[in-house]
Amino acid sequence: MAQRMYIVHTYSGYENKVKASLEERIRKFEEEKEEQGEKGARGQYFSEILVPTETVIELVKGKKKTSSRKIFPGYILVKMELNDETWHVVKDTHKVTGFAGSRTHPTPLSDKEAEELIVQITEGAYTPKPKVTFSEGESVRVIDGPFTNFVGTVQEIRSDKRKVKVLISIFGRATPIELDFIQIERN
């Protein structure tokens, strides 16, 4: 039976602790299998555990700060061969509430879905995203740069460059200013 990617539900905020606990349980499980004489037990049942995260940029005290944010809080991805034993290894891990899918028959991600998710996670680690997203027509306040504390309206959003064009009033005249996402906040 081939390994598939499964979504495992955890307590929100405990994803990394669950990953560490699960890795330890898997290590012990595979050692037991080797002792029982199963050849190639290491990596045969489990191969990957991922906590889906992305890198985000925010402005803190006038400086750009890069941090990591969970894409799916309360979920981790486990690539494994599912059988009764491996199901119990995962399900009985502290702070795991279950698998996505039915209670007794977890639903694996299709290979295409798993591949897309892994690409999103790995690309997200290299291309930081703004912490907040904006919409056209939204009122915003400039929090960084020469126009600090000016209030304006979002005119255009350029997500690919992480820039926004904001109309601010200078001497009674609406003036478009191009700013980074992190230089503004909702008003």
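1. Let's start with Lys163, which is partly exposed at a relative accessible area of 27%. Its salt-bridge partner is Asp180, with the closest N and O atoms 2.8 Å apart. Lys163 sits in strand S10 (residues 163-170) and Asp180 in strand S11 (residues 173-180), so the pair links distant parts of the chain, 17 residues apart. Asp180 has a relative accessible area of 18% and counts as buried, because the cut-off for that is under 20%.

2. Keep in mind that this is a predicted model. Mean pLDDT for the protein is 86, with 91% of residues at 70 or more.

3. Over the whole structure, the search turns up 10 salt bridges. One of them joins Lys33 and Glu85, at 2.8 Å from N to O. Lys33 belongs to helix H1 and Glu85 to helix H2 (residues 84-91), so this contact ties together parts that are 52 residues apart in sequence. On accessibility, Lys33 is buried at 5%, while Glu85 is partly exposed at 39%.

4. Helix H1 (residues 15-35) also holds a pair of its own: Glu31 and Arg27 are 4 residues apart there, about one helical turn. They form a salt bridge with the closest N and O atoms at 2.6 Å. Both ends are partly exposed, Glu31 with a relative accessible area of 29% and Arg27 with 35%. Glu24 joins in too: Glu24, Arg27 and Glu31 make up a salt-bridge network.

Note on methods. Residues are numbered from 1 along each chain as its sequence is written. This is a predicted model: local features need pLDDT of at least 70, side-chain atom pairs count only at pLDDT 80 or more; totals for chains, interfaces and linings use all residues. Side-chain values use heavy atoms; hydrogens and water are left out. pLDDT is the predictor's confidence in each residue, from 0 to 100. A salt bridge is a side-chain nitrogen of Lys or Arg within 4 Å of a carboxyl oxygen of Asp or Glu. Helices (H or I, at least four residues) and strands (E, at least two) are DSSP runs, numbered from the N terminus. Buried means under 20% relative accessible area, exposed over 50%, partly exposed in between (1.4 Å probe, protein chains only).
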